[in-house]
Amino acid sequence: MKVFRSLFMAALALAFIVVVMGAYVRLSDAGLGCPDWPLCYGQPVPADIADRDALAKAWKEMGHRYLAGTLGALILAIAAAAWRRRQSAPLASMLVLLVAFQATLGKWTVTMLLKPAIVTAHLLGGMATLALLAWLALACWPHASAPEMRALRRVAAVALAALVVQIALGGWVSANYAALACPELPLCPGTMDFANAFHVVRELGQTSEGELLSHDALRAIHWTHRLFALVALAAVLLAALRAWRLSRGLAITVAALVALQFALGVLNVALGLPLALAAAHNAGAALLLVSLVVLNFFAFRGLRPSQ
């Protein structure tokens, strides 16, 4: 059991690193640092690239691929152990399938030249992998029975759903390079083109008809993400408030993480999207997601952490 738990904790930590590293690669404009897949310029290690900037981007992209590959190997080991122990085997198998699909999305991200729908799906796949690992890891530890926690099921599920939508909108902002489309706070003056903003099947920077995507569309993408942040904030804070009486530690963690995440979003706009702060915003989303998975786990299982 100790080894099984260690595998889960290692995979969970690595999944978080992979998600944040993926955001860093995307935000530093290194998503096409390697124009081929799975190799990089036909080699397993970037080399013989005269341009130093291109070489740096290639290393970022290839480093992310190797980290993701290591995570995939860990998840295969977890699935094998789960089937041998007959513990959470169906969920572990689902995780393997998710990782295989995530690898395919990683390939398509490169071969389809950063198509926004693929990039956003790749982000969601990474977050889903992290969330499922967190759920499975929780199932490996003993917990105290607490039927009263079931009263939180609805509000916890709504908060998690709102966060998932917000993460998808954030991925759409990032995939379309719309993070600075609204530099003003708190409003976003100007006309907006919602029709082209959320047309999924199109190339990067283009409308579905192949024309240049207007700033009005980018503004609509950014503004939608900013508005829904208020909805997600309210849903998560309500869940934390309802959890206060039953699990104060978890309630404080959820509330603190959503407040931090909201503040990071505001600071990213106010400071012009510095790379470190933008990556921290992605890390905050991942941590908040895990905290809500924990809340939902205890709510739906009718459990609480053992003292």
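Predicted model: local features only at pLDDT ≥ 70, side-chain atom pairs only at ≥ 80, totals over all residues.
**Backbone spots to check**

- Most residues other than glycine have a negative phi, and most peptide bonds are trans.
- Tyr-177 is a residue other than glycine with a positive phi, near 55°.

**Two helix pairs**

- Two packed helices are described by the angle between their axes and the distance between the axes.
- For helix 1 (residues 2-27) and helix 2, the axes come within 9 Å and cross at roughly 155°.
- Angles over 145 degrees count as roughly antiparallel, so helix 1 is roughly antiparallel to helix 2.
- The crossing of helix 1 with helix 2 is left-handed, and the residues of this contact comprise 20 nonpolar, 3 polar and 3 charged.
- Helix 8 (residues 248-270) and helix 9 (residues 275-301) have axes that come within 9 Å and cross at roughly 155°.
- Helix 8 and helix 9 are therefore roughly antiparallel, and their crossing is left-handed.
- In the contact of helix 8 with helix 9 there are 16 nonpolar and 6 polar residues, with no charged ones.

- Helix 3 covers residues 89-111; at 1.5 Å a residue, its 23 residues should span 33 Å, and the end C-alpha atoms agree by lying 33 Å apart.
- Buried residues of helix 3 include Ala-92, Leu-95, Leu-98, Val-99, Gln-102 and Leu-105.
- An α-helix has 3.6 residues a turn, so residues three or four places apart point the same way.
- The partners of the buried residues in helix 3 are helix 2 (52-85) and helix 4 (116-138).
- After helix 3 comes Leu-113 with its positive phi.

- The 27 residues of helix 9 should span 39 Å at 1.5 Å a residue, which agrees with the 39 Å between its end C-alpha atoms.
- Helix 9 is mostly covered, with 19 of its 27 residues buried.
- Asn-282 is part of helix 9, and its 15% relative accessibility means that Asn-282 counts as buried.
- Beyond residues up to four places away in sequence, Asn-282 touches Ala-23, Arg-26, Leu-27, Leu-123 and Met-127.
- Just after helix 9, Gly-302 has a positive phi of about 65°.

- Ala-139 lies in the loop between helix 4 and strand 1 (143-145), and at 22% relative accessibility Ala-139 counts as partly exposed.
- Although Ala-139 and Arg-301 are 162 residues apart in sequence, their C-alpha atoms are 9.8 Å apart in space.
- Leaving out neighbours within four places in sequence, Ala-139 contacts Gln-87, Ser-88 and Phe-297.

Definitions and conventions: Residues numbered from 1 in each chain as written. Heavy atoms only, no water. Helix = DSSP H or I, 4+ residues; strand = E, 2+ residues; numbered from the N terminus. Expected span 1.5 Å × (residues − 1). Buried < 20%, exposed > 50% of the residue type's maximum accessible area, 1.4 Å probe, protein only. Contact = heavy atoms within 4.5 Å. Axes fitted to C-alpha atoms, helices over the stretch in contact; angles between N-to-C directions. Parallel < 35°, antiparallel > 145°, perpendicular 65-115°, else oblique. Left-handed = near helix turned anticlockwise from the far one by under 90°. Nonpolar A, V, L, I, M, F, W, Y, C, P; charged D, E, K, R; others polar.
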